[in-house]
Amino acid sequence: MRHDFWDEPVEVIIGDGDHLKSIRNSRDALAYLMTCWPGKKAASFAVAKRICTDAVDGRADSSAAALAFKVAAEEAGVLR
């Protein structure tokens with residue numbers, strides 16, 4: 001059983017802001033963090049990456065991963 005699904009998706013901006021993506025689980029969040037993250041990576045980026053990785057591996061709670069990702073996205077200016 002996978003433990004990385006979130007109760008509610010987190011909407012983030014892709015590229016120049018013309019497109020949105022719904023992140024629904026820790027695996028998708030990790031992919032976004034590694035491929036679409038804009039510019040400078042703050043401490044919240046590292047925390048989100050670690051917690052999402054742990055959630056994918058079943059070592060962290062999915063709600064903690066969702067919260068960490070949301071905080072990092074807000075700080076980076078990509079949270080819808």
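**Close-up views of a predicted model**

**View 1. Helix 2 and its buried face.** Within helix 2, the buried residues are Ser44, Phe45, Ala48, Ile51, Cys52, Asp54 and Ala55. This is a predicted model, so please read each view with that in mind. The cover over these buried residues of helix 2 includes strand 1, helix 1 and helix 3. Helix 2 is built from 14 residues and spans 20 Å from its first C-alpha to its last, close to the 20 Å expected at 1.5 Å a residue. After helix 2 comes Gly58, which has a positive phi, near 80°.

**View 2. The largest nonpolar core.** Here we turn to the largest nonpolar core, which has 21 residues. Which of them touch the most other members? They are Trp6, Trp37, Cys52 and Phe69. Two or more residues of this core come from each of strand 1 (5–14), helix 1 (26–35), helix 2 (43–56) and helix 3 (62–76). Helix 3 is the biggest giver, with six residues. As general background, nonpolar side chains in soluble globular proteins tend to be buried together.

**View 3. The surroundings of Trp37.** Zoom in on Trp37, one of the core residues that touch the most other members. Leaving out residues up to four places away in sequence, Trp37 touches Tyr32, Phe45, Phe69, Ala72, Ala73, Ala76 and Val78. Among these partners, Phe69 also belongs to the group of core residues with the most contacts to other members, and Phe45 is one of the buried residues of helix 2.

**View 4. Leu30 on helix 1.** Leu30 sits in helix 1. Is Leu30 buried or exposed? Leu30 is buried, because its relative accessible area is 19% and the cut-off for buried is under 20%. Beyond residues up to four places away in sequence, Leu30 touches Lys49, Cys52 and Thr53. The C-alpha atoms of Leu30 and Arg50 are 9.0 Å apart, although 20 residues separate the two along the chain.

**View 5. Ala43 on helix 2.** Ala43 belongs to helix 2. Why does Ala43 count as exposed? The reason is its relative accessibility of 62%, as exposed means over 50%. Ala43 and Ala72 lie 29 residues apart along the chain, with 8.3 Å between their C-alpha atoms.

**View 6. The largest pocket.** Next comes the largest pocket, with a volume of about 290 Å³. Its lining has 15 residues, and Glu8, Pro9, Val10, Ala66 and Lys70 lie nearest the centre. Strand 1 and helix 3 are the elements that give two or more residues to this lining. Strand 1 supplies the largest share, seven residues. By type, the lining holds seven nonpolar, two polar and six charged residues.

**View 7. Lys70 beside the pocket centre.** Our last stop is Lys70, which is found in helix 3 and is among the lining residues nearest the centre of the largest pocket. Lys70 is partly exposed because its relative accessible area is 42%, which falls between the cut-offs of 20% and 50%. Apart from neighbours within four places in sequence, Lys70 is in contact with Val10 and Leu79. Val10 is another of the lining residues nearest the pocket centre. From C-alpha to C-alpha, Lys70 and Ser44 are 9.6 Å apart in space, and they are 26 residues apart in sequence.

Conventions:
Residues numbered from 1 in each chain as written. Predicted model: local features only at pLDDT ≥ 70, side-chain atom pairs only at ≥ 80, totals over all residues. Heavy atoms only, no water. Core = buried A, V, L, I, M, F, W, Y, C linked by side-chain atoms within 4.5 Å. Buried < 20%, exposed > 50% of the residue type's maximum accessible area, 1.4 Å probe, protein only. Helix = DSSP H or I, 4+ residues; strand = E, 2+ residues; numbered from the N terminus. Contact = heavy atoms within 4.5 Å. Expected span 1.5 Å × (residues − 1). 1 Å grid on protein atoms, 1.4 Å probe; cavity = no way out; pocket = protein on both sides within 12 Å on 5 of 7 lines; lining within 4 Å. Points joined across faces, edges and corners; volume = space filled by probe spheres on them. Nonpolar A, V, L, I, M, F, W, Y, C, P; charged D, E, K, R; others polar.
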